[in-house]
Amino acid sequence: MCLRDRDDPENARRINVESVNSLLAAASEATRIITLSIDLVCSGTRSGNHVEEDPTDPVTVYGETMVDAEQTFLRDRPDACILRISLPMGISFNGHAGAIDWIASRFAKSRPATLYFDEIRTPTYTDCLNGLFESVFSSRLAGIYHAGGPRQLSLYEIGQIINRFGGYSADCLMGRPRGEAGPIPPRAGNVTMDSSKLRNALGYQPFDPWPLHEEHVPTHSDWHRERPVDEPGTDTGTPGDWWTTFALVPDVFDHAVAGLALYRSHRRVLDPQLRELGQTRVGWCVGSRFVYSQHCKSCRTVGLTEEQIAAIPT
């Protein structure tokens, strides 16, 4: 991706299209090819929940070049698997290439970030994507598959999550509809994807919702201004100083903002059910109602029954 594709469309085409021709020229017919495309091949002017058969109609140079790249793969290597992704949610290697990185960097410098109420995506955890790539490499999937997460969020809502849990100034987050953004290049709208084709082909749901827990999802436009850390503790919970504690160590904070995805990674050896049983039992034994409650919910996401969960305290 060329980050300034609107300013340098020739470079965008060189990176996103001409590189495909070079790759295919170098790859043998036996080479297994998996390539990534993007939800921005659609304009988002329809109602979202796009399926693979929907016509493409990008409004950005980036989207246009990704459509051309898709067509090149489909024409010259029909055995390739093309995964259309949305926003990968995680901390990038260089610290500024991802959605979380850019938004958090603005907030950290007390600079405003203007994000849109009506640009809606289906973000995914990067660790979930890593697990998906392993599965697809060992399969014979070919053609286009949507690879978006199960939760739909606007860019503004994503900004709210990062702002609130990062402990940044709520005034730094600016929200508005795309139509009121002034003289800027076109923005996509609701480009959410229906990924049931991929889920059915794999035989399982490859993505956790981002963020994982429902209570971390914004419920109104001022949600990020509500700071539980300012009211430490309730009658039914433990002290609310988690995020300020995490923020003391940048690496730990980045891990937390990314959704505490490290221990839930597909690369972990411990069975997810055993992991959640252990954490839930510890929460009960030490009297942490918050930990116990949170991990009871997580137990359900990894397939434990209500009867099994109810038996944890005994």
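Student: Cys 42 first. Buried or exposed?
Tutor: Cys 42 is buried in this predicted model. Its relative accessible area is 4%.

Student: Switching to helices. How do H9 and H10 pack?
Tutor: H9 covers residues 272-285 and H10 covers residues 289-301. Their axes lie 8 Å apart, at an angle of about 155°.

Student: What does that angle make them, roughly parallel or roughly antiparallel?
Tutor: Roughly antiparallel, because angles over 145 degrees count that way.

Student: Left-handed or right-handed crossing?
Tutor: H9 passes H10 in a left-handed crossing.

Student: Which residues make the contact?
Tutor: From H9: Glu 276, Leu 277, Gln 279, Thr 280, Gly 283 and Trp 284. From H10: Val 291, Tyr 292, His 295, Cys 296, Ser 298 and Cys 299. Note that Cys 299, the buried cysteine, is part of this contact.

Student: How do those residues divide, nonpolar, polar and charged?
Tutor: Six are nonpolar, five polar and one charged.

Student: Zooming out, how many helices and strands are in the chain?
Tutor: Eleven helices and nine strands.

Student: What share of the residues is buried?
Tutor: 45% of the 314 residues.

Student: And what about contacts between residues 24 or more positions apart?
Tutor: They account for 77% of the contacts with a separation of 6 or more.

Terms used
Residues numbered from 1 in each chain as written. Predicted model: local features only at pLDDT ≥ 70, side-chain atom pairs only at ≥ 80, totals over all residues. Heavy atoms only, no water. Buried < 20%, exposed > 50% of the residue type's maximum accessible area, 1.4 Å probe, protein only. Axes fitted to C-alpha atoms, helices over the stretch in contact; angles between N-to-C directions. Helix = DSSP H or I, 4+ residues; strand = E, 2+ residues; numbered from the N terminus. Parallel < 35°, antiparallel > 145°, perpendicular 65-115°, else oblique. Left-handed = near helix turned anticlockwise from the far one by under 90°. Contact = heavy atoms within 4.5 Å. Nonpolar A, V, L, I, M, F, W, Y, C, P; charged D, E, K, R; others polar.
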